[in-house]
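Have the viewer open and follow along.

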Amino acid sequence: MASQPDNASRRAFLRNSFMMIPAVSLTGGVSLTASADEPAPNLGDYQPAFFSDDEWSFLLAACDRLIPGESAGKGPGALDTNVPIFIDGQMDSPYGHAERWYMEGPYVLDGSPDLGFQYPYTPREVYQKGIAMTQAYCQQQHGKRFEQLDGDAQDRVLQALEANDVDFASLGETQKLEASEFFASLLSNTKEGYLADPIHGGNKHMASWKMVGFPGARASFRDWVDQHNVEYPLGPVSLTGERG
Amino acid sequence: MAKQQPRVDAVIVGLGWTGSIMGMELTDAGLNVLALERGEDRTNEDFAYPKPADELQYGIRHTMMQKPKQSAVTIRRNLDERALPQRKLGAFLPGDGVGGAGAHWTGVLIRPTPTDLQLKTFADQAFGKGVLQDDMQIQDFGVSWDELEPHFSFFEKVCGQSGTTGNLNGQIQAGGDPFEGPRSEPYPLPALQDTQNTQMFEKAAKQLGYHPFPNPSANVSRAWTNPYGMQLGPCNYCGFCSRYGCLNYSKASPQTCILNALKQRSNFDYRTNANVTRVELAADGKTATGVTYVDGNGEEVFQPADMVILASYALNNVRLMLNSGIGQPYDPVARTGTVGRNYSYQIGGGINCYFDDIEFNPFATAGATGKMFNDFSPGNFDSAAHGFIGGAKMHSSQASGTPIKTPLPKDAPSWGQGYKDALQKYYGHHMKLSMTGSVMSYRSNMLDLDPTWKDPYGMPLLRMTFDWKQNEHRLSAFMRDRLREIADVLKPDYRDESFNLEGSHFKVTSYVSTHNVGGAVMGTDPSTSAVNRYLQSWDVHNVFVPGGNAFPQNFQANPTDLIAALTYWSAKKIREDYLKNPGPLMSRS
Ligand SMILES: Cc1cc2nc3c(=O)[nH]c(=O)nc-3n(C[C@H](O)[C@H](O)[C@H](O)COP(=O)(O)OP(=O)(O)OC[C@H]3O[C@@H](n4cnc5c(N)ncnc54)[C@H](O)[C@@H]3O)c2cc1C
Ligand code: SF4
C-alpha cells in the first residue's frame, strides 16, 4: 500500500520544494500565451481564431464526448479544461501548418499505412475536411448536424469514424484522407490539450494534472526520488508559475 | 558560381557529439577547425528552467529534432516495395541544431561487450552451419576491445558516467555487470538513485538468478568536473530528460561537456544554419577539396578544407557520401559496393505492468533511471539452441512520467468516461519490463538515394530499406518468454505486452529508437566496408566518417559510448599518423 511520508521528512521536503518553485517570467524561446495573473478564458466567451462557427460547434460537441465532464463521473472533462481553445491555438502553430513536415509531391496514396501518412494535407486541412465530411455523414444518417444529436448517437458517429466505417471517399474525399485518420488526430489533439501545460491554452488550472497526480513543471525531485511507494504530496505548478 | 570562404585545415559537418569530439581533438592538434551545423545555435540559456519542462513542445512536437521538411528519409521494407517519404517524424528522432541528438538524448551510456566487437568471429565459433539466415552479412568491427578501452574510459569521464563497476581489470565487482568487458578504471561516479520500479525489477531478476545492475548513466549522480574543465551539477531527477534539453547542467551533452571549452579556442569556429549538401572532390576523385553548403539566406557557399569530417549522424553521413560520390554505392543484387551496405537498427519490446496499490511516481526520475542485466548478451547464453544470434539488454527503465505519453492498458477505453477513469486509475501505477535487442545486418537492409523525392536544395533524399528478419523475430520471442517470467514474479494486477514477433514488419509511425546504425561501416576489407578501421574513407583519404554508420551490425544496447570511443580512436590516428603523412592509413590490398 502507498504510505504517507512521516511529518518531519514531509516538512523538510516541503520547505525545500517551495524554495525551488519557478520564476514566473520567461525570456525568449517559449511564447507566452497566458501568464499566472492573466486568468484562463472562459470557453463560452472564446472566439475561435481558426475554426468557423459551424466547425466550432462540432469541435465542442465532439470534445465533450471524447473526454466528458463531471456529470459523467469524477474528474474534469475536455470542455472544463478548455481543450477546444487548445486545438484552435494549435491550428495556428507550426504543427497546424505542418511547417516541419515534408510536404512535397508526388503524393502516393496507395502505400502501406505502416509507412506513415502520405496525403497532401496539413492538420488545418484535415480538420476542415474531416469536420465537413462528418457533418455530411450525420445529415445522411440522421438528417441532423453532429452537435444536434443526443450523446449516444454522437458516440456512435465517433465510433464509426474511429473504425473507419464512414466512407470519406463517398463523401467527396479525393486524396484518401480516411475517417480513422481524422478521428486519430482529433483524439490525440484532445488528449494533448487535456494533459499539456496550460501555456498552450488547455488544461485549465491544471485540472487534469491534479486529477492524476502529475506535478507539472516542478521538475525537481532530488528530495523525493528516494521516497518509494509514497504518494507525492504537492500539487502541480505550470510553466508560468501557476500553482494548483 | 558559389560564394567561397577562406580555406580551413579541417571542416566538420554537424556539431553534435561526434563533431564536438573531433573539434576538440583536431584543435588540440593545432589545426584550424570550422564546424558547419545545419540547425540553430543552442546554448544552455535555451534550456533554462522552466523552458524544457514542456511535454507538448519537446516530447510531442519534436521541436529539437530533424525537420523532415529539410531532410526526410524515404522508407520501404523490402527491395520490391515502393519507398515513401517519412513526412513527419516517427520511428526515429535525429537531432537538429548545435548539440545534435546529444542535446536531447536520454543518456544511457553503456559499452558494448568485447564479443560484440567481434561478432563474426564469435558466430563462426559458436554456430553450426545453417543455423543462421544465409542473407546475414555480419562482420567484425576491425578494432579490438583493448584498442578502444582507453577511449571508452575517457569519454565516460567527459560525461561523468554514473554507475556501478562490474569488472575492474578482470576482477568482478559486486553490484556491477559481471559480463562487462574489463574496465581500466571504475565508473567516474556512483549510480543514480533507485526508484520503485528499479527495486522491484532488481529483486525479481535476482530471484531468477540474473545479475542486475544500474543503467550506466550520463545524467550525473554527483557534481562533476570533466577533463575539459566543464562542470556538471547533480541530476535533480526532473522527469524531462529523454527528448528534452537538460534544465540543470546535469545531462552530459555536447553543450555541457565540450562546447563551452571548445568555443574558447581561437583555432575553432562554427557556423549555424549551414546545411552541407555535398563534399567536393578533386578531379581525380581521390581527395576532397572542401564542402558546399547552403547558408541561412539560401546562398550556396563553397568552404575549402584540407580535411572533411562527416559528423552529421549515421543516416546523414551515408547520404552525404552518396550525394558526393564518395565510395561505390552498394548494390544488393550484385552484392557489390559498400556505401549504404549493412544498415541496421535496434529491436525493442516489453511488458507493461500495472499495480493498483503501488505508487511509482514516474515523474521523479532521471532519463537513464533503470536497472538492467546482461545475462542475455552474446556469449552469455546458448542462443544457437534457439536459432538466433545476438542478444538483448533486459531492463526496467523509467525515462519520464509525462502524462500525454503515459501508457494505459490495451483494453482500457481510449476515449469517453472509461478513458478518464483509466487515466485516474493507472497514471503512476505502471512500470515496464523491456528488452532492447541487437539487430544483425542483411543483404537487403540498406541505404541508397531515393529516385523520386528531393530536399529543398535539390538533393535526393536518403532511401532506407529495412525490415525485421526471422533472426530478430526469434530473439524477440525468446526474450519475451524471459520477461514474462519476471512479470510472473512481480504479479501485476494487469499486464499487456508488445513484441515484434514472426510476421511483424517495421512500422515508421511509432517510436522505436534513434539508434540507426550502419550504412558506411568500418572494417579491414574494402570490399565489405566503406571506411577503414580508422573511419577513413577507403576511396577519398581526407574524408573521415565518425558515427553509428560505422557499426557493421547493431549490438543490444545504446550506441553513443561506442560512437564516441570510435571517434576518439579515429582522432588519435589522425593526430599521430595522418597529419604527418596525409594519405590512406590502410592499403586496399
Ligand atoms: C530521444 C533520443 C534518446 C536517445 N537516447 C540515447 C541513450 O540513452 N543512449 C545512447 O547511447 N544514445 C541515445 N540516443 C542516440 C544519440 O543521441 C546519438 O547516438 C548521438 O547523438 C549520435 O551522435 P552524432 O554526432 O552521430 O549525431 P548528432 O549528435 O545527432 O549530431 C549530428 C549533427 O549534424 C547536423 N547535421 C546533419 N546533417 C547536416 C548537414 N547536411 N549539414 C550540416 N549539419 C548537419 C545535425 O543537425 C546534428 O546537429 C538517443 C537519441 C534520441 C533522439
Ligand atoms: S533528469 Fe537530470 S539529467 Fe535529465 S534533464 Fe533532468 S536534471 Fe537533467
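## About the model

This is a predicted model, in which local features need pLDDT of at least 70, side-chain atom pairs count only at pLDDT 80 or more, and totals for chains, interfaces and linings use all residues. Residues are numbered from 1 along each chain as written, chains are lettered from A and ligands numbered from 1 in written order, and side-chain values use heavy atoms, without hydrogens and water.

## Around ligand 1

Ligand 1 is surrounded by 37 residues (a heavy atom within 4 Å), and among the closest are Thr18(B), Glu37(B) and Thr560(B). The shell divides into 15 nonpolar, 18 polar and four charged residues; here Ala, Val, Leu, Ile, Met, Phe, Trp, Tyr, Cys and Pro count as nonpolar, Asp, Glu, Lys and Arg as charged, and the others, Gly among them, as polar.

A polar side-chain atom of Glu37(B) lies 2.6 Å from a ligand oxygen atom, while a backbone N or O atom of Val276(B) sits 3.0 Å from a nitrogen atom of ligand 1. Of the 990 Å² of accessible area that ligand 1 has on its own, the protein covers 98% (Shrake-Rupley method, 1.4 Å probe).

## A four-stranded sheet

In chain B, an open sheet with mixed pairing has the order S5-S4-S20-S19; strands are DSSP E runs of at least two residues, numbered from the N terminus, and pairing takes at least two bridges. Strands S5 (84-85) and S19 (446-454) of chain B each have a single partner strand, so one side of each lacks a neighbour in the sheet.

Strands S4 (73-76) and S20 (460-465) of chain B run parallel, joined by four bridges, and Val73(B) has Leu462(B) as its bridge partner in S20(B).

How values were computed: A polar contact is a pair of N or O atoms within 3.5 Å; within protein, one must be able to donate a hydrogen and the other to accept it, and residues adjacent in sequence count only if both atoms are side-chain atoms.
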